[in-house]
Amino acid sequence: MWGAHVFEEGKQCSDRRMHRTARRRLDRRQQRVHLTQEIFAKAISEVDERFFIRLKESALFREDTSGRDTYIFFQDENYTDKEYHKEYPTIHHLIKELMEDPTLHDVRLVYLAVAWLMAHRGHFFSEVDKDNISALLDFDLIYEKFMELFLVPPWVCHDRERFKSVLLSHQTVKNKERKFWDLLYNGKKPKTEEEDCISKEGIIKLLSGGSVEAGKLFAQKEFQEKISISLKKSEEDFQLILDEMDEKDSEYLIRLRTLYDWALLVDSLHGCSSISEAKIQDYVQHEVDLKMLKSFVRKYCPNEYAAIFKNAEKENYASYVYNISKGKRTKEYKKKSHKKNFVTI
């Protein structure tokens with residue numbers, strides 16, 4: 001009876017694993033940033049001794065900081081955060097300039113770009129030669145590497161362009177599955193034979209963005225606990241899944257992930273040569289769309305302008321971009337504002 005009051009109720013190991021993975025992910029990210037700071041420390045201290053101090057105190061109110069600094073990144077006489085954000089509206093503007101402009105830049109600008117890249121480094125499941133980055137966009141090469149794992153191919157595809165279009169399409173998991181069935185199995189649900197080491201239906205479901213239990217994907221093997229496999233998981237979560245598999249099964253999942261990631265990368269690039277260039281293109285398009293939306297609201301429903309663009313306590317544009325005054329920013333509201341998307345007109 002006392003134990004029921006003193007101890008918390010038991011929780012599923014999968015729930016605890018999620019929290020443990022999140023902590024590990026955050027710790028590793030912070031460690032990478034700290035190592036980056038150590039590399040840049042000497043060069044930056046010669047230019048700005050309080051640069052890293054300001055970054056560390058950025059979460060504090062200005063009156064609570066040790067040096068009473070007005071700004072966070074730049075506190076120079078002729079260059080402050082105002083000029084920095086005007087020159088580089090997003091971190092991708094800075095990264096793109098550093099990639100394309102060979103002239104020397106302030107070492108603090110270089111650090112901000114490198115630190116962001118180290119914090120958001122992506123994953124390393126794909127083995128790609130650094131001198132041949134374009135291989136990441138070579139669908140035929142990725143597709144052939146996946147198919148060479150099978151002694152008997154799971155399907156015969158005569159139209160790879162259509163396969164690519166289905167993989168790139170923005171649809172529900174069910175609709176994508178049906179399109180793959182139409183293309184690869186004449187509209188019929190694929191059946192997995194006894195000699196198949198991996199479920200054909202499971203492969204299609206994973207490529208469509210769904211999730212499959214390991215016991216159903218690898219039907220010939222037994223797993224001690226229920227493992228849900230999805231190609232959309234983060235690197236740490238996906239690595240935990242790979243740790244539960246043998247070498248052969250891990251290779252199936254890695255090459256499936258590479259095929260799935262190809263579609264994500266191509267869709268994100270929008271035909272651009274780099275991710276930063278694609279993000280800047282999205283930024284510019286967002287600005288154009290916002291002007292159009294504001295013009296529409298001013299013309300047809302001017303009385304709703306403040307409710308849509310200024311009153312951030314509702315599910316509107318202000319909530320979508322998290323444009324909230326500091327006094328109203330709370331943990332609960334932050335979750336709410338990011339949970340639902342703003343519906344455009």
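This is a predicted model: local features need pLDDT of at least 70, side-chain atom pairs count only at pLDDT 80 or more; totals for chains, interfaces and linings use all residues.

Colleague: What percentage of the residues count as buried?

Modeller: Buried means under 20% relative accessible area, exposed means over 50%, and partly exposed is in between, with a 1.4 Å probe and protein chains only. The chain has 345 residues, and the share that counts as buried is 34%.

Colleague: How do the axes of helix α8 and helix α13 lie to each other: roughly parallel or roughly perpendicular?

Modeller: Axes are lines fitted to C-alpha atoms, for helices over the stretch in contact, and angles run from 0 to 180 degrees between N-to-C directions. Helix α8 covers residues 160-168 and helix α13 residues 247-269; their axes come within 9 Å and cross at roughly 75°. Angles under 35 degrees count as roughly parallel, over 145 as roughly antiparallel, 65 to 115 as roughly perpendicular and the rest as oblique. The two helices, α8 and α13, are therefore roughly perpendicular.

Colleague: Which residues of α8 and α13 make that contact?

Modeller: Contact means heavy atoms within 4.5 Å. From α13 come L259, W262, A263, V266 and D267, and from α8 come F163, K164, L167 and L168.

Colleague: Why does the pair of D48 and R108 tie together parts that are apart in sequence?

Modeller: Side chains of opposite charge can pair when their charged atoms come close. A salt bridge is a side-chain nitrogen of Lys or Arg within 4 Å of a carboxyl oxygen of Asp or Glu, and D48 and R108 form one at 3.0 Å, N to O. Both residues are buried. D48 lies in the loop between α2 (13-45) and α3 (51-56) and R108 in helix α6 (residues 107-119), so the parts they tie together are 60 residues apart in sequence.

Colleague: Which residue forms a salt bridge with R160, and where does it lie?

Modeller: The closest N and O atoms of R160 and its partner E144 are 2.1 Å apart. R160 is partly exposed at 24% relative accessible area, and E144 is partly exposed at 39%. R160 lies in helix α8, and the partner, E144, lies in helix α7 (residues 139-147).

Colleague: Is E57 buried or exposed, and what is its relative accessibility?

Modeller: E57 forms a salt bridge with R50, with the closest N and O atoms 3.8 Å apart. R50 counts as partly exposed at 24% relative accessibility. E57 counts as buried, and its relative accessibility is 14%.

Colleague: What is the phi of N186?

Modeller: Most residues other than glycine have a negative phi, and most peptide bonds are trans. N186 sits in the loop between α9 (173-185) and α10 (200-207), where it counts as exposed at 70% relative accessibility. N186 is not a glycine, yet its phi is positive, at about 55°.

Colleague: And where is H270, which also has a positive phi of about 55°?

Modeller: H270 is not a glycine either. It counts as partly exposed at 40% relative accessibility. Its place is the loop between α13 and α14.

Colleague: Which residues is E236 in contact with, leaving aside its neighbours within four places in sequence?

Modeller: E236 lies in helix α12 (residues 235-243) and is buried, with a relative accessible area of 11%. E236 and T21 are 215 residues apart in sequence, while their C-alpha atoms are 6.7 Å apart in space. With those neighbours left aside, the contacts of E236 are T21, R25 and R28.

Note on methods
Residues are numbered from 1 along each chain as its sequence is written. Side-chain values use heavy atoms; hydrogens and water are left out. Helices (H or I, at least four residues) and strands (E, at least two) are DSSP runs, numbered from the N terminus.
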